[in-house]
Amino acid sequence: MGNRRRWCGTMVAAVAVLMTWAVAMNGWAARADGAEAKPAKAARKAKAVASGKPAANSPTTQPAASQSQPAKQAKLQVAHMRLGGTVLNSPPGFSLFAGSSAMTLRDWLQRLAQARNDQAVHAVALELDGPSLSWAQAQELADAIKRLDEVKPVYAFLTEGGASDYLIASAAREIAMEPMGSLMITGLAAELTFFRGTMNLLGIQPQFIQIGRFKGAAEPFDRSEPSEELTGEYNKILDDLFDQLVGQIARQRRLKFDQARKAVDAGPFTTKGALEHKLVDRSITRQKWQAELSKKAAGKACQWTGD
């Protein structure tokens, strides 16, 4: 019985020691009247402030690293885009061989829009590398580049190109061209193929019924040259497309319509001739263009991204 009492007393003493240690570690100061306890560390901080001495871990004595060291500025970016290859109207079909790297018109429009909305992109460097695309695609890409240039500058570079290449480049704020380059703007033309001579050699007699003077679908098989009516209709289409070409170049290059028409009629051009007709702004090599563009667009803290 005596051993049991001594054992119970030892347990009570051990529990009391553990409770005292827990209270001390948590920093609580127990009050005699049983009211809610307050943190001892907080009391020491308040005492230190009242005495005019800052606390050891006070935020005024140990500022955060972000306050003592200025945040590093993010490098501005020049988005480099190389427009080349075939521009598709829709995604390519499945192939068992290597996948196609060609981009669709939608891909290019989304890429231009992404550069327009990206705050880190300060400017866009656009290289035209002989893309294969339709006239409508070239016009839509030029419109998208013009919208992008209204928000951040677009700088275009040409080594050589035709009317569709130049139409896209003319939407940029500045056009640079390789000193030994060429600009093959020669207006618009249409080629028609007629098979009547070949069919005569083969002894084939075509039989078609044409209803109306301007119904020329059968002429390639029934004639060896276009009729006056078909020639007139094609000329109307070409005149309209030519006016669209000259008008869009004039608007994008800030030229008068007659001035742009005269320039297009004078083609093709060397780089020197394109400069004289105000179709391009600079004659410079590709390497120098990239180096100068980095300084001009974003200064020393600049990096190129993209292609």
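Biologist: Why is Phe 195 called partly exposed?

Modeller: In this predicted model, Phe 195 has a relative accessible area of 35%. Buried means under 20% and exposed over 50%, so 35% makes Phe 195 partly exposed.

Biologist: What does the pair tie together?

Modeller: Phe 195 sits in the loop between β7 (174-184) and α7 (196-201), and Phe 221 in helix α8 (residues 219-222), so the pair ties together parts 26 residues apart in sequence. Ring pairs also link Phe 208 with these two into a cluster.

Biologist: How do you know that strands β5 and β6 pair?

Modeller: DSSP must find at least two bridges, and β5 (residues 121-132) and β6 (residues 154-162) have five, in the parallel sense. One of the residues involved is Glu 127, whose bridge partner in β6 is Phe 157. From β5 the chain passes through helix α5 (residues 135-149) to β6 in a right-handed β-α-β crossover.

Biologist: What makes the span of α5 close to the expected one?

Modeller: With 15 residues, α5 reaches 21 Å from its first C-alpha to its last, and 21 Å is expected at 1.5 Å a residue. Its buried residues include Trp 135, Leu 141 and Asp 149.

Key
Residues numbered from 1 in each chain as written. Predicted model: local features only at pLDDT ≥ 70, side-chain atom pairs only at ≥ 80, totals over all residues. Heavy atoms only, no water. Helix = DSSP H or I, 4+ residues; strand = E, 2+ residues; numbered from the N terminus. Right-handed = clockwise from strand over helix to strand, strands pointing away. Expected span 1.5 Å × (residues − 1). Buried < 20%, exposed > 50% of the residue type's maximum accessible area, 1.4 Å probe, protein only. Phe/Tyr/Trp six-rings, centres within 6.5 Å; stacked < 30°, edge-to-face > 60°.
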